[in-house]
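Dear colleague,

Please find below the sequence and structure that I am handing over to you. I would be grateful if you could look through them before reading my notes.

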Amino acid sequence: VALGLRAMLAEKPPAEGIPVTLSPAPEDGAAQATFSFWAPLGETVTFTPHTESMVFVPPSVTATVPHVGCAATLPAFAARLGRYFSGATLPPVEGVEVTARAEALPQGHPTLPVVRTDASGEFRLGPVFAEELPELSLRKKGYAFVKVEGSLKWEARRLSTVVVRAVHWETRQPLSGVFLSLSSSGGE
């Protein structure tokens, strides 16, 4: 497993490529990563581990370098093997925002990034350390999406647009305070 670590110093660009050494922990044989990082005294640093297949809890840790002596050991990150889920819109719709509801994720799971469908209407979301995919929300202006039962596919329905301008019949100036009621007879 390739493991990376990002260090973000307060209000500065992230430092990529911090050397990380993976070695077995003597107590239980689980892998343990160690690293060292130099920062100016008094600086606050946020560390964020990342891999293609693991989910880390907590997602990041912040520490301040003391003015005297060395910094204390950071709290440990717990890593869990994650799963990726692939889905699609039918017919294919590009640029659909796919979001996992944060409250549907297991407790302690980091928030998943918003992903977008590609030109084929497909998306890939993860890593997720849940056995089942959390509830998803698909959004794109001008569309409604309905999940196809028992699959990771969503039926894309193009919505109609109705534009109404209320104007004075002689001056053609917009009218304020106009109430408009629009109804439908079934949605199909």
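The notes below go from the chain as a whole to its strands, aromatic pairs and surface.

This is a predicted model, in which local features need pLDDT of at least 70 and side-chain atom pairs count only at pLDDT 80 or more, whereas totals for chains, interfaces and linings use all residues. Residues are numbered from 1 along each chain as its sequence is written, and side-chain values use heavy atoms, with hydrogens and water left out.

The secondary structure comes to zero helices and 14 strands (DSSP runs numbered from the N terminus: H or I of at least four residues for helices, E of at least two for strands). Of the 188 residues in the chain, 23% are buried (buried is under 20% relative accessible area, exposed over 50% and partly exposed in between, with a 1.4 Å probe and protein chains only). Among contacts with a separation of 6 or more, 50% are between residues 24 or more positions apart; a contact means heavy atoms within 4.5 Å.

Strand 4 pairs with strand 6 (residues 61–64) in the antiparallel sense over four bridges (pairing requires at least two DSSP bridges). Within strand 6, threonine 64 is the bridge partner of threonine 44.

Another group of three strands forms an open sheet in the order 10-9-12, with antiparallel pairing. Strand 10 (115–116) and strand 12 (136–139) are at the edges, each with a single partner strand, so one side of each has no neighbour in the sheet. Strand 9 (residues 97–100) is joined to strand 12 by four bridges, and glutamate 97 stands opposite arginine 139.

The structure holds two aromatic pairs (ring centres of Phe, Tyr and Trp, the last by its six-membered ring, within 6.5 Å; planes under 30 degrees apart are stacked, over 60 edge-to-face, the rest tilted). Phenylalanine 123 and tryptophan 154 form a tilted pair, at 5.9 Å centre to centre and 50° between the planes. This pair links strand 11 (residues 122–128) to strand 14, its members being 31 residues apart. Tyrosine 143 and phenylalanine 145 form a stacked pair, at 5.9 Å and 20°. Phenylalanine 145 is buried at 16% relative accessibility, whereas tyrosine 143 is partly exposed at 23%.

The chain exposes about 13300 Å², with carbon and sulfur atoms supplying 54% of it (Shrake-Rupley method, 1.4 Å probe).

Yours sincerely
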